[in-house]
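Hi everyone, thanks for coming. I'd like to walk you through a few packing details today, so let me put the sequence and the structure up on the screen.

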Amino acid sequence: MISLIPALPLLGAILNGLVLQKRASRVVAGGLASLMVGLSAALSFMTLFQLLGGAAPIDVPLWTWMSAGTFSADIAFRVDQLTATMMCVITGIGFLIHVYSIGYMDDEKDKDSVWRFFAYLNLFIFAMLLLVMGDNFLLMFVGWEGVGLCSYLLIGFWYENNDYASAGKKAFIVNRVGDFSFVVGLFLLYWSLGEHATMNFHQLEEVIASHPELVGGIGGCVVTCVCLLFFGGATGKSAQIPLFIWLPDAMAGPTPVSALIHAATMVTSGIYMICRLNFLFVMSPAAMATVATVGALTAFLAATIAITQNDIKKVLAYSTVSQLGFMFLGVGVGAFTAGFFHVMTHAFFKALMFLGSGSIIHALHHEQDMRKMGGLAKYMKLTFLTFLMGYLAIIGFPGFSGFFSKDEILWLTFITPMFESLPLGTVMPKVLWLLATSAALMTAFYMSRLMFMTFAGVYRGGAHAEHGHDAHAHADHGHGHDAHGHGHTPHESPMVIVGPLVVLAALSLFGGLLNLPHWAAEHGMLHHFLDPVFEHGKVEFPEHNPLEFPLMGLTLLGIAASVGLAYTFYVKNPEKPALLAARFQRLYQGSLNKWYVDELYQATILTPLVTFSRQVLWAIVDSQVIDGLVNGAASVAQKAGALHGRLGSGKLQTYAISIAAGAALFASAYALG
Amino acid sequence: MPLLSLVTLLPIALGIVVAAMPQSASRMGALVASIVVFVVSIPLWTGFDAAGAEYQFVEDMDWIAQWGVRYHLGIDGVSLCLILLTTAMTPLILLAGFSGVEKNFRGYAALMLVLEGAMIGTFVALDTFLFYVFWELVLLPMYFLIGIWGGERRIYAAVKLFIYTVAGSLFMLVALIGLYYQFHEATGAWSTDLSDLLTLSLTPATQKWMFACLALAFAIKVPMFPVHTWLPDAHVEAPTGGSVVLASVMLKMGTYGFYRFAMPLFPDAVTAYGPFLIALAVIGIVYGALVAMVQDDVKKLVAYSSVSHLGYVMLGLFALNAPGVSGGIYQMLNHGISTGALFLLVGVLYERRHTRRIVDYGGITKVMPKFALIFMIITFSSIGLPGLNGFVGEFMILLGGFQFAPIPTIIAASGVILGATYMLWCFQRMMFGPLQNEANRNLKDLNPRELAYLLPLVVLAFVMGLFPNVFLDRINPSVERFVERMEGHFEASPYACGDACLPSWLAQEAE
């Protein structure tokens, strides 16, 4: 039964992608794909309830994949509490987004490609399930690269647009940089274990528990290197510094893809991986400190960029990068459950907001520029109300899911004992807390900005009758919307789109109940459930601290102030932002241009590498030096014996004679002997 | 007739038959002939005892008795896989040639069959003289395939191939003759038989120069950096079928030569020169990938990717441990499938557009969706996407390599990034983007014949990626025997110890 969970979406992908193809209409293709994921979700929840009922983790061995000498890797699944929770998030949200996509893809001009979209989407669910279900590094890596492939295919879904195709390629290659780090970490780990070497997570946990000295013990160099290399892999997949640059570009894909892959599921695989390897990471406070610091810095940096973006999807994209930073901060300070809890709540509210933005974009015929929106609350009530839930969740409005998960991370960061053994170990948590809290305040600001620019005021798009054309040029998806005409007023999206929004809004609102903080309940449900997973990776946080509520109050005040600031900027005095931007031109341009990180990489890595390869390796080393030597040698031979003339003449005898001469030489040697 | 002789000589005989056929019947005749050879080779697979590490299907008789030359054939799991790769690829190549070869198909097919027999010969020969004969025999048909059916600069490319290979062969010859005399000195008897020669215990100095000679011959064939420059020219000028057979099988003769002859015969020399060859292999991986990245000609790009991929194979072989060597052998097969398929795909486009320049394409997916799908699968197979064949070999090589030489392996592993870069960039420029070139607007998608020779390779890419143990079960026992033989010699050497290559602080920690 467990095998069916990934098998069904795979079957859907095969049916749509190879069998039905153009024969499947949008509804058939989408219906089939949704059905497969829906069934898969049902089975996942059954498994989850089984585990909630106290069942032991389920092992499903399938076949031995590859082996040589003592090395062996299996195709086998292992479903424990962590995996089951992820499976439900993936298939549950996946199902909602599949359904949503049926509505969203209705204006695809090239109706022939809708089947392709759903085939990729199903394939993604399959790969993502492999990633979390694999019981060993290699199978996880299949999923790990598999989701990268689907991401590549879906970002470049409108492949006729070169920019989109490039964005897909960029995502894949940047991820490969991370994967490189990941496999090197794996090789190092495997090597250090010597005769105990294994690819299996469960066995690894046992080996490490009984022989911690193999990886250098707590604080050892080997374990630190291994963890840092694994984390390098996570920075690729989960878009952290220094590899976060692909995610904002990934927004070139259709919006449901952004919601599913680039917000709710795939980008959280890095956090999943660290949670999976918690027993290893806790052995290295230095690696944990790196994870936490990179997380906090990314949260901060991405927030500074999100503040000035005008494309609604770009704001959400940088906000995702920033929220992923929070999750890494959580796991980095040893609060694995808190980090993972934020994975879940973020999946709810970010999927919701992406789908909400999709609903807007769909209604405005692929307009993504917030400067051409405004006043939409009036036209799209349900979209607005559901979006509002997501907004309140992400800024951490008390009671909403994001409040609980983010607050837990902030608080545990403040009191973490994780870095005590490190230099500056007592100051570090406070600095991280400060960074993260300022990121949280900025989040409140830019999300409010997004809300006000989109939903408040008056609609700024309808004024230009021609906007439809601009939008089309701006987002040249090959979409046909001619039938809709121009100069329209925005309208609410159909039920198939709004339905999933309502479900996600409910989850964003009530998701916090899944893991109530210690002051509200005896123990959080998720906390309790995931306990066995973190058996060897438990970090003991101090129980009570008088600062907890004052800090929470402080944060809430700051958030309220940020919202107020955004209100004055974007509702009361809309001319203010421009004045400020003019005053701080440098800062504004830096933020608007993403601090020129892309340009930096282009100038320092890509361009030199290509130029060097072309001008030096290819033009000089290969064509001149090596070939020069070879051709030089040949021409010497030619001059000496007019060899080339005869060889080049194409006469059979010449070659036969040369071969014969060789053989004769050999033969005569024998004869002489 | 014994099976190995049959599989080796039948294609040559059938090649002669095809040469005598009328032009009109030669297509079907050649195709049927190659399929017959494939069918005949299947009992090798079914009859092979997977657990056995010894040579199987052995045929051993005197050939030139007074010189000690024997007609000694036999296969282990490694040769088995390479033979099947050869017999499976040949029908596909001939089928592809139906449209690509515009003149004298009969001659083309006859040479192709002779070539097939000669290549199989190199994989079954267990006598050095016999091996040398087949080795040289391979060159002839290849020379003509390029020289007659090639592109504009075919003569230049063919001569370059010829000179490079013959130069290498001469060195090999010298080493083999030297070995022949060494054996006589040691035992008083004459023999060219590999099993006899393996019993010799040579001084390290002797081993070194002999190994150097053989290694040069094989390195040219692989081809390893810096003796690789014949390959891009040969690939670019060769007809599609020539490129495919070159990439799929012929290059493997070089790596196979290392595995079968150069390394087991001279293990002390492997200890001495191993680091040097690993260095060249790693340079080849990175260099090949970087140069591939900047090519404008898609065939050249694939050719340089071969340099890079074969570098992995060499790294695996010289890792001298089970995962490394098995991975290296497996990568030989993978490269045969994926690069062979890439050349076939390029051939499909070339036949339609008569250009190999990447800029002449763009947006092809729109008009050739089936082609695009297959091209994409093969592209990802080539860049080692898990689930497809390329990953298995690459991963095992790097895993084994890291146990042995961590720093070079880390550099080699960066090739996975570069590999993705040049392949995806090429794919994007050819297949994605708007369809701007008018000449491409009416391109026909794959026809049934083209699907017939491409689909088997796609299926194999999946099968070999998901069930590699089907093959590895047969390869591993042979590899373990190989590793054991090498182990006896390299244990005392510092080169054998992976720790030595790691930063000392890291190595000490792990003690």
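This is a predicted model: local features need pLDDT of at least 70, side-chain atom pairs count only at pLDDT 80 or more; totals for chains, interfaces and linings use all residues.

Helix H9 of chain B, residues 230-237, packs against helix H12 of chain B, residues 298-317, with the axes 9 Å apart and an angle of about 140 degrees. H9(B) and H12(B) are therefore oblique to each other. The crossing of H9(B) past H12(B) is right-handed.

Who takes part in that contact? On the H9(B) side you can find B:Leu231, B:Pro232, B:His235 and B:Val236, and they meet B:Lys299, B:Lys300, B:Ala303, B:Tyr304, B:Ser306 and B:Val307 of H12(B). By type, the residues in this contact of H9(B) with H12(B) are six nonpolar, two polar and two charged.

Now let's turn to a helix pair in chain A. Here helix H19, residues 428-455 of chain A, and helix H23, residues 548-572 of chain A, have axes that come within 8 Å and cross at roughly 35 degrees. H19(A) also passes H23(A) in a right-handed crossing. From H19(A), the residues involved include A:Thr437, A:Ala440, A:Phe445 and A:Arg449, while the H23(A) side includes A:Thr555, A:Gly558, A:Ile559 and A:Tyr570. In the contact of H19(A) with H23(A), 13 residues are nonpolar, five are polar and one is charged.

How do the two chains meet? In the model, 64 residues of chain B are in contact with 58 residues of chain A. On the chain B side, helix H6 of chain B, residues 154-187, gives the largest share, with ten residues. That side of chain B consists of 43 nonpolar, 18 polar and three charged residues.

Let's zoom in on A:Ala436: leaving out residues up to four places away in sequence, A:Ala436 touches A:Ala296, A:Ala299, A:Phe326, A:Leu329, A:Leu410 and A:Thr413.

My last stop is a glycine, A:Gly94, in helix H3 of chain A, residues 81-104. Is A:Gly94 buried or exposed? A:Gly94 has 31 C-beta neighbours inside 10 Å, so this glycine counts as buried. Again not counting residues up to four places away in sequence, A:Gly94 touches A:Val37, A:Ile125 and A:Leu260. For A:Val222, 128 residues apart from A:Gly94 along the chain, the C-alpha separation from A:Gly94 is 38 Å.

Note on methods
Residues are numbered from 1 along each chain as its sequence is written. Chains are lettered from A and ligands numbered from 1 in the order in which they are written. Axes are lines fitted to C-alpha atoms, for helices over the stretch in contact, and angles run from 0 to 180 degrees between N-to-C directions. Helices (H or I, at least four residues) and strands (E, at least two) are DSSP runs, numbered from the N terminus. Angles under 35 degrees count as roughly parallel, over 145 as roughly antiparallel, 65 to 115 as roughly perpendicular and the rest as oblique. A crossing is left-handed if the near helix is turned anticlockwise from the far one by less than a right angle, and right-handed if clockwise. Two residues are in contact if their C-beta atoms, placed from the backbone, lie within 7 Å. Ala, Val, Leu, Ile, Met, Phe, Trp, Tyr, Cys and Pro count as nonpolar, Asp, Glu, Lys and Arg as charged, and the others, Gly among them, as polar. A residue is buried if 20 or more other C-beta atoms lie within 10 Å of its own, exposed if 12 or fewer, and partly exposed in between; C-beta atoms are placed from the backbone.
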